[in-house]
Amino acid sequence: SPRFSKPSGVTAKLAYLCNSKGFETHSGCMALHIAEWDMSQGSVIDRSQHVIVDVVQLPGDRGDDTIVAGINFPGLFLNMLPDDCFSNDGKFIATTTQWGCT
């Protein structure tokens with residue numbers, strides 16, 4: 001589910017979900033990555049890729065003690081990013097996950 005921010009000059013931000021561990025890409029824990037996209041070249045700008053949220057193998061293994069409603073952050077469980085997930089200024093990504101669902 002690649003998603004682009006609104007272009008700023010000749011670049012835009014590209015956000016996408018992935019799981020490089022080689023297991024399920026549907027209904028599994030996903031990583032959120034972002035990169036700068038060169039609109040004129042139609043490609044990712046070298047060394048611009050960053051992991052925003054990595055795959056979580058076990059809740060709590062991030063080491064940051066993030067707890068909500070008594071549970072450690074389990075990771076992102078979603079099939080795709082929303083169509084218009086970037087904020088107007090391109091600085092934020094909004095999405096949902098099943099963290100804390102009861």
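This is a predicted model: local features need pLDDT of at least 70, side-chain atom pairs count only at pLDDT 80 or more; totals for chains, interfaces and linings use all residues.
**Group meeting talk: an all-strand chain**

Residues are numbered from 1 along each chain as its sequence is written, and side-chain values use heavy atoms, with hydrogens and water left out.

Now the overall layout. The chain has zero helices and seven strands, where helices (H or I, at least four residues) and strands (E, at least two) are DSSP runs, numbered from the N terminus. Buried residues make up 30% of the 102 residues in the chain.

Back to F4, then, and which residue forms an aromatic pair with it? A search of the whole structure finds one aromatic pair, and it is F4 with W37, edge-to-face, at 5.3 Å centre to centre and with 70° between the planes. For the terms, rings of Phe, Tyr and Trp (its six-membered ring) pair if their centres lie within 6.5 Å, and planes under 30 degrees apart count as stacked, over 60 as edge-to-face and the rest as tilted. Because F4 lies in strand β1 (residues 3–4) and W37 in strand β3 (residues 31–38), the pair ties together parts that are 33 residues apart in sequence.

Let us follow the strands from there. β1 and β2 pair in the antiparallel sense over two bridges, and two strands are said to pair if DSSP finds at least two bridges between them. These two strands form a hairpin with six residues between them, and G9 in the turn has a positive phi of about 70°. The bridge partner of F4 in β2 is L14, and L14 in turn has A35 as its bridge partner in β3. β2 and β3 run antiparallel and are joined by eight bridges.

What of the interior? A nonpolar core is a set of buried Ala, Val, Leu, Ile, Met, Phe, Trp, Tyr and Cys residues joined through side-chain atoms within 4.5 Å. The largest one has 19 residues, of which L17, L32, L76 and L81 touch the most other members. The elements that give two or more residues to this core are β2 (11–18) and β3, and the largest share, five residues, comes from β2. β2 is mostly covered, with six of its eight residues buried. Leaving out residues up to four places away in sequence, L17 touches several residues, among them M30, L32, L78 and L81, where contact means heavy atoms within 4.5 Å. In soluble globular proteins, nonpolar side chains tend to be buried together.

Finally, is R47 buried or exposed? R47 is found in the loop between β4 (43–44) and β5, and at 84% relative accessibility it counts as exposed. Phi of R47 is near 60°, a positive value in a residue other than glycine. Most residues other than glycine have a negative phi.

Definitions and conventions:
Buried means under 20% relative accessible area, exposed over 50%, partly exposed in between (1.4 Å probe, protein chains only).
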